[in-house]
Amino acid sequence: MKNIKMQLAIGVVCLVLGIMVAVQFKTVKNNVGPVTEYRARELASQLKRITTDRDNLAALKNELEKKLRDYENAEAEGNSAAKFLSEELNKARVIAGLVDVEGPGITMIVDDLKFTEHYNYNIIDYTDLLELVNELNAAGAEAISINGQRVISTTEIRQAGLHININTVKFAPPFTFKAIGDPKTLEAALRMRDGIVQMLADKGIAISITQEQSIVIKKYDGVIEKKFSKVVKEGETH
């Protein structure tokens, strides 16, 4: 009898605990939806506000850069030393990718025709884009962009799931390259026997190259910060 009472007591306790757990689970489940939805709306609002602030700052940056160039041009007029410095500064800006540039070159489209079929793997890898950039640089390209993103010294090209990040912006195929340089030399370097174009074609990647007499490549629009490096003055030793 004592054992039966104990078993009944344990059974009642287990039943109560089960009901409590079931009620708590149901309560949590019912509350998760609204909380998650509210959080999603809050994050969407924050993202919209940050995006607007970023666009406003970018517009202000472009406006200030234009004013600076106007001041430099005004100073350089009639002053040979200032004119020389202005020309050197413009060359540095071109090398750094901080100004729009125009010239002859090529347009190249790199496409993964199976990407839209929702494959769970990539045919085009970020290393393929890096190889193409390297070949263009080796062939004397003076400016390169991918999907409108100017390639500069700090540009990152890295895998992000099924997409590829370029200058922190996410892209999917197709990838449109623009490169300024000698059009024939650039295309020949890419199409050389057993070269990068043939290697990518063997992987099933479609590539088209068009020689152009005039290409415009936009400047890098991000912010470049240098926190740790500094210029070493002539004669300094460490």
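A: Isoleucine 106 has alanine 179 of strand β7 as its bridge partner. This belongs to an antiparallel pairing of β1 with β7 (residues 175-180), which holds six bridges; strands are DSSP runs of E with at least two residues, helices are runs of H or I with at least four, and both are numbered from the N terminus. Two strands count as paired if DSSP finds at least two bridges between them. Strand β1 (residues 101-111) also runs antiparallel to strand β8 (residues 206-217), with ten bridges between the two. One of the residues concerned is isoleucine 109, bridged to serine 208 in β8.

The model is a predicted one, in which local features need pLDDT of at least 70 and side-chain atom pairs count only at pLDDT 80 or more, while totals for chains, interfaces and linings use all residues. Residues are numbered from 1 along each chain as its sequence is written, and side-chain values use heavy atoms, with hydrogens and water left out.

The chain contains five helices and eight strands, in the order α-α-β-α-β-β-β-β-β-β-α-α-β from the N terminus. Of contacts (heavy atoms within 4.5 Å) between residues at least 6 apart in sequence, 76% join residues at least 24 apart. Of the 238 residues, 26% are buried, where buried means under 20% relative accessible area with a 1.4 Å probe, protein chains only.

Helix α3 (residues 126-138) has 13 residues and spans 19 Å between its first and last C-alpha, close to the 18 Å expected at 1.5 Å a residue; the expected span is 1.5 Å times one less than the number of residues. Asp128, Leu129, Leu132, Val133 and Leu136 are the buried residues in α3. Viewed down the helix axis, the buried residues of α3 lie within an arc of 140°, so they line one face; the arc is taken over the directions from the axis to the C-beta atoms. After α3 comes glycine 140, with a positive phi near 95°.

Leu129 is also among the contacts of isoleucine 166, when neighbours within four places in sequence are left aside. Isoleucine 166 lies in strand β5 (residues 163-166) and is buried, at a relative accessible area of 0%. Its other contacts include Ile146, Thr155, Ile157, Phe171 and Phe175.

How values were computed: Buried means under 20% relative accessible area, exposed over 50%, partly exposed in between (1.4 Å probe, protein chains only).
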